[in-house]
Amino acid sequence: MVKHVILWQLKDEFSEEEKQKIRQGIREGLEGLRGEIPGLVDIHVQVEYLPSSTADVMLDSTFTDEEALKAYSQNPKHVKVADERVRPFTKSRACMDYHCPDGAGR
């Protein structure tokens, strides 16, 4: 198994009300890919966070292997969500991909 974790910061130009809608849109879009992409085992988007956080949105996803992760990044359904619901609203992105041999996500 391969974990794919992303942290995004939303652009400063948006009000808190707008950011709440954007976060929900990101969550709905990405979690809507569940069952739509071969090799995508699990996907969760966290949009609620503590004040100590430095990110606005977290994607936590699991893939069968590196090939499935690569295919996901190029899949038209994923690209559409990224282009319409994520990229226009984010100012920064940090990503970590790693092997999770036991499939437990640790």
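Predicted model: local features only at pLDDT ≥ 70, side-chain atom pairs only at ≥ 80, totals over all residues.
Author: Residues are numbered from 1 along each chain as its sequence is written, and side-chain values use heavy atoms, with hydrogens and water left out.

Reader: Why is T62 called buried?

Author: Buried means under 20% relative accessible area, exposed means over 50%, and partly exposed lies in between, with a 1.4 Å probe and protein chains only. T62 has a relative accessible area of 9%, and is therefore buried. The residue is found in strand β3 (residues 57–63); strands are DSSP runs of E with at least two residues, helices are runs of H or I with at least four, and both are numbered from the N terminus.

Reader: What makes the pairing of T62 with K3 a polar contact?

Author: A polar contact is a pair of N or O atoms within 3.5 Å; within protein, one must be able to donate a hydrogen and the other to accept it, and residues adjacent in sequence count only if both atoms are side-chain atoms. The side chains of T62 and K3 make such a contact at 3.0 Å. Contact in general means heavy atoms within 4.5 Å. Leaving aside neighbours within four places in sequence, T62 is in contact with M1, V2, K3, G39, L40, V41 and D42.

Reader: How do you know that M58 is partly exposed?

Author: M58 has a relative accessible area of 27%, so the residue is classed as partly exposed. M58 also has its place in strand β3. Residues up to four places away in sequence not being counted, M58 touches V5, I6, L7, H44, V45 and Q46.

Reader: Which classes do L69 and A71 receive, and why?

Author: L69 counts as buried because its relative accessibility is 11%. A71 is partly exposed because its relative accessible area is 43%. L69 lies in helix α2, and A71 is found in helix α2. Leaving aside neighbours within four places in sequence, L69 is in contact with V2, H4, F63 and D97. The C-alpha atoms of A71 and I37 are 8.6 Å apart in space, and these residues are 34 apart in sequence.

Reader: How many aromatic pairs does the whole structure hold, and what makes the pair of F14 and F89 tilted?

Author: A search of the whole structure finds two aromatic pairs. Rings of Phe, Tyr and Trp (its six-membered ring) pair if their centres lie within 6.5 Å; planes under 30 degrees apart count as stacked, over 60 as edge-to-face and the rest as tilted. F14 and F89 are 5.7 Å apart centre to centre, with 55° between the planes, and form a tilted pair. This pair links distant parts of the chain, 75 residues apart: F14 is in the loop between β1 and α1 (16–31), and F89 is in the loop between α3 and β4. F14 counts as buried because its relative accessibility is 16%, while F89, at 23%, counts as partly exposed.

Reader: Why is the pair of F63 and Y72 called tilted?

Author: The ring centres of F63 and Y72 are 4.8 Å apart and their planes are at 55°, so the pair is tilted. Both F63 and Y72 are buried.
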